[in-house]
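Welcome! Here is a short tour for anyone meeting this structure for the first time. Take a look at the picture below, and then we will walk through it topic by topic.

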Amino acid sequence: MPDKAPATMTAPRLLLVASAGGHWVQLSRLAAAFEGFDAQYVTTLKGARAPCGWRPVAVVRDGSQTDPLALLIMFAQLLFIVLKFRPSTIVTTGAAPGVFAVRLGKLLGARTVWIDSIANSEKLSLSGRLVRKHVDLCLTQWPHLTDAYPDVQCFGSVI
Amino acid sequence: MFRIGHLILLSVGTQLPFDRLVRTVDDWAIATGRSDVVAQIGPSTYAPRSLKAFPFLAPEAFRELQLNATIMISHAGMGSILTALEYGKPIIIMPRDHSRGEHRNGHQLATAERFKAVPGIYVASDELGLVEHLTRLAELTGSARLPPHAPASFTDRLRDFISRP
């Protein structure tokens, strides 16, 4: 018997990422999945309260594909957060900051989960389509969409 | 600050303008002499004459307004829709139309279609539909309040995945 728990048994360090607005509300509704773990939330609007855990919410610049400079700043901020916090698992409900977080996380060996917004009922979001091949778990909230994307699962929806 | 008997809250999200929605609600408020509409209009360029408008509101202040609102009006964004359902508030939603450059794609039209049968959600496909809902405002009722968390069947499976070594 080893006298120390193997590294894989250590508690997950969770980085939980969502843009302000609907993405954030959906991530907040999932807090029961994260309670009791060391969790660092990240969003794009100052003043949000962490749905669980003791760490204050980190804020990054908001941006979309129409604003490359904002995206660059956002990327740099997420790089800093990921290097500093060293998450073992990253969970995101999107959008742009989630894409950067899971791609950076993957490079650093974190497990990654993408949860596509409930707003995307006809096809996976653009962000979801960008990351689905690169994450460990990709979820849609619409069961019928799992037929269109064989690597995407559905655990139900946030409502 | 906004503790008044009746409060209508209009919101369009923080990322994109939605002048068509803001202007329609403002015109209606002027025509009917309503002074109880607070609006979070983001980067909209239309300058409301009657609405108490703010580009952005801090999350806590915005939450307070949502809690006190008697009616919510918004774009078909999930933040507003989910919050209205959680707080049991009636909400009128008008989807952004990407063919008019109001969003990057048509997902808000799909959201409006998916949620139009949900009690408490009133979909306005355009300005006329919005005014129709506004003229019978007193008849709009909220849904039964949605619990503030996702079903355990979702969070339990997610927690299992996260906990798995």
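Two strands count as paired if DSSP finds at least two bridges between them. With that in hand, chain A shows an open sheet of 6 strands, with parallel pairing. Please keep in mind that this is a predicted model.

**Confidence**

- The model as a whole scores ipTM 0.92 and pTM 0.93.
- Chain B has a mean pLDDT of 95, and 98% of its residues reach 70 or more.

**The sheet of chain A**

- Reading across the sheet, the order of the strands in chain A is β3-β2-β1-β4-β5-β6.
- The edges are held by β3 (58-59) and β6 (137-139) of chain A; each has a single partner strand, so one side of each is left without a neighbour in the sheet.
- In general, strands of a sheet pair through backbone hydrogen bonds, either parallel or antiparallel.
- Strand β5 (residues 111-115) of chain A runs parallel to β6(A), and 3 bridges join the two.
- Opposite A:L139 in β6(A) you will find A:I115.

**A helix on the sheet**

- Helix α2 (residues 68-85) of chain A packs on the sheet, where it touches β1 (13-18), β2 (38-43) and β3 of chain A.
- The direction of α2(A) makes about 165° with that of β1(A).

**Two helices side by side**

- Two packed helices are described by the angle between their axes and the distance between the axes.
- For α2(A) and helix α3 (residues 96-107) of chain A, the angle is about 45° and the axes are 10 Å apart.
- α2(A) and α3(A) are therefore oblique to each other, and their crossing is right-handed.
- On the α2(A) side, the contact involves A:L71, A:M74, A:F75, A:L78, A:L79 and A:V82.
- These meet A:A96, A:P97, A:F100, A:A101, A:L104 and A:G105 in α3(A).
- By class, the residues of this contact divide into 11 nonpolar, 1 polar and no charged.

**Where the chains meet**

- How many residues of chain B are in contact with chain A? There are 32, and they are in contact with 33 residues of chain A.
- On the side of chain B that touches chain A, at least two residues each come from α2 (59-68), α3 (78-87), α4 (107-115) and α6 (152-163) of chain B.
- The most is given by α6(B), with 10 residues.
- This side of chain B has 16 nonpolar, 12 polar and 4 charged residues.

Notes
Residues numbered from 1 in each chain as written. Chains lettered and ligands numbered in written order. Predicted model: local features only at pLDDT ≥ 70, side-chain atom pairs only at ≥ 80, totals over all residues. Contact = placed C-beta atoms within 7 Å. Helix = DSSP H or I, 4+ residues; strand = E, 2+ residues; numbered from the N terminus. Nonpolar A, V, L, I, M, F, W, Y, C, P; charged D, E, K, R; others polar. Axes fitted to C-alpha atoms, helices over the stretch in contact; angles between N-to-C directions. Parallel < 35°, antiparallel > 145°, perpendicular 65-115°, else oblique. Left-handed = near helix turned anticlockwise from the far one by under 90°. pLDDT = per-residue confidence, 0-100.
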